[in-house]
Every structure is written in C-alpha cells, then in structure tokens.
Amino acid sequence: MFNQKHWILFLDFVLLVLVFIAMGLVEFGSIPHLQSIGFFCGDPKISYKYQGDTVESHVLILVTLIVPYLAAMMTEYFTKEKNKFDSERYEWLKESLRWYRQYILGLIFVFFITDVGKLLIGEPRPHFLDTCLPKEAKNCTNRYIDRYTCMNENESTYIIRDASKSFPSGHASISVYGSISLAWYLHNKCKSRSLLLMPVLQAMCMLWAMFCSLTRITDHRHHWWDVLAGSIIGIMISTYINGLFDRQKNDNKSHSTTETWSNETTDNGYFTAGRLLNVVPDGKNPSLNL
C-alpha cells in the first residue's frame, strides 16, 4: 500500500518526467514557435557566418553537472570533523547529495524557463541568414519578412530550426546559475583560514560564467540582449533556490535549538518518561512541557 510519502514521491516523479518530455519536444522542434519574429532583408545583425561554438553544449552540460557535485563532495569530506559528522560514517556524502539534489532542481528550472522563452519568442540568431538561407530574402532589399522558408540543404533540420532560437541564451542562463550556486555553496560551507582561497575559487566560478556568456556574442551565436536575459534568468533562479533552501535549513536549526527532549531513566536504566524542554536562548530557566 502506498502511504502519503509514496504518493508525493510518485507525483514528483511524474511531474519531472512531464517536464523532461516538454523540454525534449521544444528542443527538437515538435512544438512550433508560438510567436516567430521576422527579419529585415540584409539586416547586418543577422548576417554573420555560422562558426560553431567555443564552448560546445555537451561541454557546458558536463561541467555544470559534474564539477559542482565533485566540489560539494570534496568540501563536505574535508569539513566533516568541523560539521560533526562522526555519528554516521558517510554523513558527509549524504550532505553533499542533499545539496546536489537542490542544485539539480534549480537547474531543471533554468532549462525549462529557457526553453519556454525560446518557444515564446522565435528570434533569429546573428547567423540566421547564413544558416537558414530564406527564399524570401534572395531578391529583397529593405523589406520586413515575417513568414519565410529556409532553403539550406547542407545543414541538418535541427541546426536550421535552431537558427530561430536566439532568445534567451541557454549557455548564459546555465553557466550563470551553476557558477552562482557553487560560489554560494562554497561561501556557506568553507570557513578557510586562508585569505585568498575562497575569493579565488569564487572568482573562478564567475570567470567560467563570463567566458561561457561572452563567447556566445563573439561566436555570433547570440545577440547581447539574449546573453543579458539568460544571465538574469540564471541569477534569479539561483537566488530563489539557494534562498529557499537556506530558509528551510535555518527554520530546521531554530526548531531543533528551541526544543529538545529530556528522557528520564530509572536507576536500572529503563526509560520512564519523555518531557519536552523549551530552551530559552536568553539564559532564563527552561520551561517544561509535560
């Protein structure tokens, strides 16, 4: 029989599967753009050559998934004595997994919101004319075209369809989210005596986000406003997720420090009663709840 906890886990799993299915449908073009932005013939902003990516998508995904967890696992392991994990041998590993679960939840939010933005706004990329080769732009001077047909047969359907998904930048949203989340985690967990260790580690996180974001502009894969919008998405979701779980952790700590159980035993060691003590932080005598 399923209890309430099992039903909640089952519901979370179903919702997660539905989100992944929706993102896959958007990513591979099964769901068309709800609104497709047209273009002006000969617009220099969309007339660049397609040169590929300095940071490939699979590299970004691997770094975003693997590096934060390795960093969290190492941090929890080297601070396990300070965090008093002696009660359970692998508590440091469980603690890193708890944070990583929170991190992945926020990452799914980033993917989903970014894909929804690309679905709602079909903006041409800077290399749109070179990749799409729209038929309507052949003998066109300065006319606005809102409906077009791509004639490029040398590129795959995915790349041609992707040429109309410039806004917002997924590289920016993902890298900024991952970098801020990891920097936030290191700030809360690492209490190093070194004056430079923590700023250097956090600066490396920020430099990775800047590199991934700015190369999207220099590669002519995104406009600057796409990168800005993606960065804002990453900042907002990382702030929300980290702030939400920090509040939950503080609430749990305050609850555990204000209430404690006092178990009375007899001389022979048998348990006789359990009484709840309300600990008053200002030094007054604790009250006893029978």
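Q: Before we start, what should I know about the ground rules here?
A: The model is predicted, so local features need pLDDT of at least 70 and side-chain atom pairs count only at pLDDT 80 or more, while totals for chains, interfaces and linings use all residues. Residues are numbered from 1 along each chain as its sequence is written, and side-chain values use heavy atoms, with hydrogens and water left out.

Q: Thanks! How many salt bridges are there?
A: Seven, where a salt bridge is a side-chain nitrogen of Lys or Arg within 4 Å of a carboxyl oxygen of Asp or Glu.

Q: Which residue does Lys49 pair with?
A: Asp130, with 3.5 Å from N to O. Asp130 sits in helix 4 (residues 128–132) and Lys49 in the loop between strand 1 (39–40) and helix 2 (57–78), so the pair ties together parts that are 81 residues apart in sequence. Helices (H or I, at least four residues) and strands (E, at least two) are DSSP runs, numbered from the N terminus.

Q: Are those two side chains buried or exposed?
A: Asp130 is partly exposed, at 25% relative accessible area, and Lys49 is exposed, at 57%. Buried means under 20% relative accessible area, exposed over 50%, and partly exposed in between (1.4 Å probe, protein chains only).

Q: And what does Asp53 pair with?
A: Arg221, in a salt bridge of 2.6 Å from N to O. Arg221 is in the loop between helix 7 (197–218) and helix 8 (224–258), and Asp53 is in the loop between strand 1 and helix 2, so this pair ties together parts that are 168 residues apart in sequence. Arg221 is buried at 7% relative accessibility, and Asp53 is buried at 17%.

Q: What else does Arg221 bridge to?
A: Asp162, at 3.5 Å from N to O. Asp162 belongs to helix 5 (residues 157–162), 59 residues from Arg221, and Asp162 is buried as well.

Q: Which residues make up the salt-bridge network?
A: Asp53, Arg125, Asp162, Arg216 and Arg221.

Q: Switching to helix 2: what is its span?
A: Its 22 residues reach 32 Å from first C-alpha to last, close to the 32 Å expected at 1.5 Å a residue; the expected span is 1.5 Å times one less than the number of residues.

Q: Which elements do its buried residues pack against?
A: Helix 3 (91–120), helix 6 (170–189) and helix 7. Among the buried residues of helix 2 are Leu60, Tyr69 and Ala72.

Q: Now the core: which residues touch the most other members?
A: In the largest nonpolar core, of 22 residues, they are Trp99, Tyr177, Leu182, Tyr185, Leu186 and Ile237. Such a core is a set of buried Ala, Val, Leu, Ile, Met, Phe, Trp, Tyr and Cys residues joined through side-chain atoms within 4.5 Å.

Q: Which helix gives the most to that core?
A: Helix 6, with six residues.

Q: What does Tyr185 touch?
A: Leaving out residues up to four places away in sequence, Tyr185 touches Ala72, Thr75, Glu76 and Trp99, with contact meaning heavy atoms within 4.5 Å.

Q: What's in the second core?
A: That separate core has ten residues, including Cys41, Leu129, Tyr148 and Ala163.

Q: Last one: where is Leu25?
A: Leu25 is in helix 1 (residues 4–27), and it is partly exposed at 34% relative accessible area.
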